[in-house]
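Have the structure open as you read.

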Amino acid sequence: MTGPEPESVPAAADDDAVLLRVLGALRTESRHPAIPAPRRASCDERLPRRIPGANPGSHSPWPTQEPLRVVRDASSIAQTATGYMRGWRRGHKAALERRLSPATTAAAVARQPSSSRAALRRIAFRPGAAASRLVGLVVQVLPQGERRRYHEEFRAELSRLQGLHQLAYAIRLLLSALALRHALRQQRPGATGEE
Amino acid sequence: MTLPTQAVLRTLIEHPTREFYGLEICAAASLPSGTIHPILARLESLGWLESRWEELDPRETGRPRRRYYSLTTDGAMQARRALAQVDARAAKLNALRPRFSGGRS
């Protein structure tokens with residue numbers, strides 16, 4: 001009952017031999033003048049087999065240098081990275097503050113074309129800054145010897161107020177600035193608030 | 001004497017030993033903030049008020065020092081006398097008002 005043995009599957013070596021024969025025939029045909037011969041056939045010589053972890057060549061870039069050992073020490077990483085991370089945190093915080101601060105937004109508003117509406121918007125957005133400027137203006141109206149005292153006094157009272165109350169306070173100061181100047185000029189000579 | 005000046009003096013006389021800074025006087029006298037500094041300066045020049053700086057370091061507290069005002073002894077007497085005159089004058093005017101308006105005195 002034994003029939004003929006089925007034809008065995010050709011091995012990989014046989015495949016290579018067939019392939020080499022085909023390529024040889026093609027190379028022979030390529031000697032025809034119309035077909036230029038290839039300069040180099042990749043199958044003339046077998047390339048060395050690449051083995052992971054083993055360099056097949058004898059030309060190692062650093063033949064005498066041993067590979068560095070990777071050390072992951074948390075303390076040494078912290079020593080070298082602490083300054084970098086601190087700087088990064090500072091920069092990140094500054095960027096966030098700059099992005100979120102009203103001053104930046106006010107500066108963006110200030111870059112807009114000047115108009116009375118934009119000025120009113122700036123004042124409404126930062127009444128404290130506008131009030132401080134008005135207080136500075138009021139102080140300039142006062143006699144020279146009293147400016148320092150009243151500037152500090154006004155700023156102290158301004159710091160107790162919030163928002164538009166600061167602006168209202170500064171406007172009332174401005175309205176009464178000439179009366180205050182007149183009252184201060186009537187003071188006895190040499191009596192100033194400086195200490 | 002203006003009404004705001006009277007209000008300031010009455011506030012200070014009610015608490016003769018207490019020291020006020022500007023906003024406190026405004027709140028106690030029901031006056032708008034920022035309007036009393038000419039009055040305080042005038043009363044200080046008359047010697048009725050004295051003022052001093054708040055004792056703190058602005059760099060530590062993060063805010064400027066306040067200026068505290070209080071009546072002087074002489075100022076308190078003068079203020080009481082002036083307010084009494086004002087009240088007497090107002091009482092006389094109130095007494096005269098019914099006659100002007102045709103009522104009985």
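**From one residue to the interface**

Ala177(A) is buried, because 21 other C-beta atoms lie within 10 Å (buried means 20 or more such atoms within 10 Å of the residue's own C-beta, which is placed from the backbone). This is a predicted model, in which local features need pLDDT of at least 70, side-chain atom pairs count only at pLDDT 80 or more, and totals for chains, interfaces and linings use all residues. Residues are numbered from 1 along each chain as its sequence is written, while chains are lettered from A and ligands numbered from 1 in the order in which they are written.

You will find Ala177(A) in helix H8 of chain A (helices are DSSP runs of H or I with at least four residues, strands are E runs of at least two, and both are numbered from the N terminus). Setting aside neighbours within four places in sequence, Ala177(A) is in contact with Val138(A) and Val141(A) (contact means C-beta atoms, placed from the backbone, within 7 Å). Val141(A) is 36 residues away along the chain, yet the two C-alpha atoms are separated by 6.9 Å.

Now turn to chain B. Here 19 residues of chain A are in contact with 18 residues of chain B. Helices H6 (147–160), H7 (164–175) and H8 (177–185) of chain A each give two or more residues to this side, and H6(A) provides the largest share, seven residues.

The buried residues of H6(A) include Tyr150(A), Phe154(A) and Leu158(A). Within chain A, the buried residues of H6(A) pack against helix H5 (127–141) and H7; in chain B, their partners are strand S1 (20–21), helix H2 (22–28) and strand S3 (67–71).

Notes
Contact = placed C-beta atoms within 7 Å. Buried ≥ 20, exposed ≤ 12 C-beta atoms within 10 Å, placed from the backbone.
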